[in-house]
Structure formats: C-alpha cells, structure tokens
Amino acid sequence: MQIISIIAFLITFTASNFAAAQTSERLRAARQIQAITQQDINSIVKPALLNAMLPKERRIAEAVNIVVVVDERIGRVVAFIDNFSQRKIEISTGFLALIGASIDANLIAGKWGYLKEIGEYKNKIANFLRGARREIREGGTPIKPESFAEYVGLPDDQYKKFSKSKEYDYSFSVAMRVMLSFVLAHEYAHHVFNHFENTPASCLNAPLGEDCLKARRAQEDEADDFGVRLNWMLGNNPLFATNYFMIFGLVENGLLSSEHSPSVCRLEKVLDAGIQFSENSDRIVQHLLQQNSEFQKQFKMLKNFRVVLKEQCEAGGLLTDTVVPGLF
Ligand SMILES: [Zn+2]
C-alpha cells in the first residue's frame with residue numbers, strides 16, 4: 001500500500017467537518033482508497049485466503065466477487081447474492097477509512113507512548129459508533145471524531161514526517177492486510193456455508209424474532225470460527241484483529257446484527273484464539289514474552305481481561321462497550 005493511500009484515508013476520515021467545499025477532494029481520496037485496497041485484495045489477501053481453504057470451500061469462494069465500493073457509510077460490509085445470482089462481498093471506503101484511522105491511532109500511540117490516550121480515543125470511536133447507529137442505518141453520515149493525531153495534539157510536522165516514513169507505511173500495510181484477511185474470511189464464510197439459502201426470508205429484516213436472532217447468531221459464530229481457522233493457517237495472529245474486531249462486529253450489515261448479536265462472546269472467542277496462537281505459534285510474541293517485562297505485564301492483563309469477558313458472556317451480557325486493551 002502506498003503512502004498516498006494513508007493520507008487519503010485520513011483526509012476521508014477527518015474531512016467531514018469541511019462539508020461541501022471539499023466534496024470533490026473527499027471523493028478523490030475515497031477513489032484512491034478504493035483502487036489501492038481493491039488491488040491489495042485481488043493480488044494478496046484473496047489468493048492467500050483461497051489457498052487456506054479446503055477444496056470444496058474454495059470452489060464456492062472462487063465464484064465470489066469482492067468489490068470495494070466508494071461509499072461513506074461505514075456499515076456497508078456485506079456478503080450477498082445479487083439479482084443475477086452472482087456471489088458478492090462489498091466493502092465500503094467508509095468502513096476502510098474507519099479501520100485506517102484506528103490503525104493510524106495505534107501506530108501513533110505506539111510511537112509516542114500515548115497509552116492512556118489510546119484507550120480514551122477507542123472509547124470515543126466506540127461512542128461514535130453507538131451514537132451514530134440509527135443515523136447510519138438510515139443511510140446518513142454522522143460527523144466522525146477527529147484523527148488521533150489531532151486528539152492528542154501531535155504537531156502537524158511531526159505527524160507528517162512519521163506518516164511518510166517507511167516504518168509507518170510498512171506497519172500500516174501489514175495491519176490493514178491482516179484486518180482485511182479476517183473481515184473477508186468472515187464474509188466468505190457466509191457464502192461457503194450458504195447462510196443466505198439457509199435463512200428464511202422472514203429473518204432477513206429487522207426487527208428479528210427470537211428464533212431468527214438465534215439463527216443469525218449461530219451464523220455469525222460460524223463465520224468468526226472460519227475466519228480464525230483460515231487466518232491461523234496463514235500465520236495471522238487473531239490478536240492483531242481484536243483491536244478492530246469490535247468495529248467490524250458493530251458495523252457489519254449496516255449495524256443491523258449488532259443490535260442483537262452477543263458481541264462480547266464473539267470478541268472473547270477471537271481473543272482466546274489470539275492468546276493461544278501467541279503462546280503456541282507466534283515466535284515474535286514468544287520472544288517478547290521472554291525478553292520484555294512490560295509486554296509480559298500487558299499480555300497478562302489481556303489474559304485476565306479475557307476471563308472477565310468470558311464471565312460476562314456466560315452471564316448473558318449481550319452487548320459490550322468494551323475496548324480491548326492494546327498490545328500492538
Ligand atoms: Zn457476518
């Protein structure tokens with residue numbers, strides 16, 4: 001991913017305040033995100049995912065057309081079969097911009113040690129998502145929070161220098177690809193397991209009855225498991241995805257399922273997988289755990305946090321306002 005795309009991401013994310021005067025620039029930025037991400041998906045993320053699938057899964061997935069669409073709505077992450085019986089996955093530039101802004105925030109926090117601030121900022125994003133839920137569902141575009149650099153008052157020249165560095169470009173690209181890999185694997189699962197044909201028409205639109213909710217939750221669970229399985233095989237640590245998983249869990253399908261899906265249990269499962277992966281299969285994390293006491297401490301906190309989540313999940317806490325403590 002080129003540096004220009006990152007700047008484009010941030011323009012799209014923060015420019016909402018400037019409204020009409022900057023519409024054409026926002027559109028240009030969104031088109032850049034679209035082109036670069038589409039290329040990344042086609043040449044890197046999709047081939048890797050297809051490779052990790054079983055032959056009968058791959059046969060279905062190969063027929064899926066993944067399209068990045070220019071659309072500011074963050075909730076347009078969806079798998080479906082269109083009117084011409086074409087299997088599709090759509091991801092909006094609005095969703096990508098939100099994920100991009102979160103990755104950017106994590107990189108800045110890591111570089112300058114804004115540990116307290118990143119927690120507050122993630123809360124702010126979560127609040128924005130919750131507050132904006134209805135507006136987004138009705139197709140509106142609520143005003144997004146400022147970028148993390150603005151939030152912590154990082155001088156513009158320092159931020160610009162960092163965001164143009166190789167270090168930033170590399171870390172950003174890796175984080176975005178891993179996140180896309182988890183999101184797309186989840187969406188592929190809806191096709192591979194034929195969730196559309198297995199869903200009665202009465203269960204497609206809100207408000208959903210109790211039976212429909214149960215069925216939809218089971219499908220989301222199945223899709224999450226598939227995502228973890230494929231990415232585990234590809235060497236992608238699920239912990240990398242947890243930072244963004246909450247956003248994804250909230251916005252998929254225009255926030256529809258988030259009203260009811262027990263996201264705390266979904267998050268707990270991904271975290272559990274990430275902790276196991278880290279301890280058993282991730283040499284970098286194992287090395288850090290041996291050498292770095294601060295990392296050790298944070299990892300332990302994360303493990304305890306998972307236990308708390310598990311209790312909440314078992315107690316039936318369906319929605320969570322939880323923000324994952326960040327390791328990366
Ligand atoms: Zn889903």
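These are my notebook entries on one predicted chain.

**Ground rules.** I number residues from 1 along each chain as its sequence is written. The model is predicted, so I take local features only at pLDDT of at least 70 and side-chain atom pairs only at pLDDT 80 or more, while totals for chains, interfaces and linings use all residues.

**Whole chain.** I found 14 helices and three strands. Both are DSSP runs numbered from the N terminus: helices are H or I with at least four residues, strands are E with at least two. Of the 328 residues, 42% are buried. Buried means 20 or more other C-beta atoms within 10 Å of the residue's own; exposed means 12 or fewer; partly exposed is in between; C-beta atoms are placed from the backbone. I then checked contacts (C-beta atoms, placed from the backbone, within 7 Å). Among those between residues at least 6 apart in sequence, 73% join residues at least 24 apart.

**Helix H4.** I looked up residues 93–112. H4 has 20 residues and reaches 28 Å from first C-alpha to last, close to the expected 28 Å. The expected span is 1.5 Å times one less than the number of residues. In H4, 17 of the 20 residues are buried. Gly113 follows H4 with a positive phi near 70 degrees.

Most residues other than glycine have a negative phi. I noted Ser85, with a positive phi of about 65 degrees. Ser85 sits in the loop between strands E2 (77–81) and E3 (87–92). Ser85 is exposed, with 7 other C-beta atoms within 10 Å. I also noted Asn194, at a positive phi of about 55 degrees. Asn194 lies in the loop between helices H9 (166–192) and H10 (210–233). Asn194 is exposed, with 12 other C-beta atoms within 10 Å.

Note on methods. Contact = placed C-beta atoms within 7 Å.
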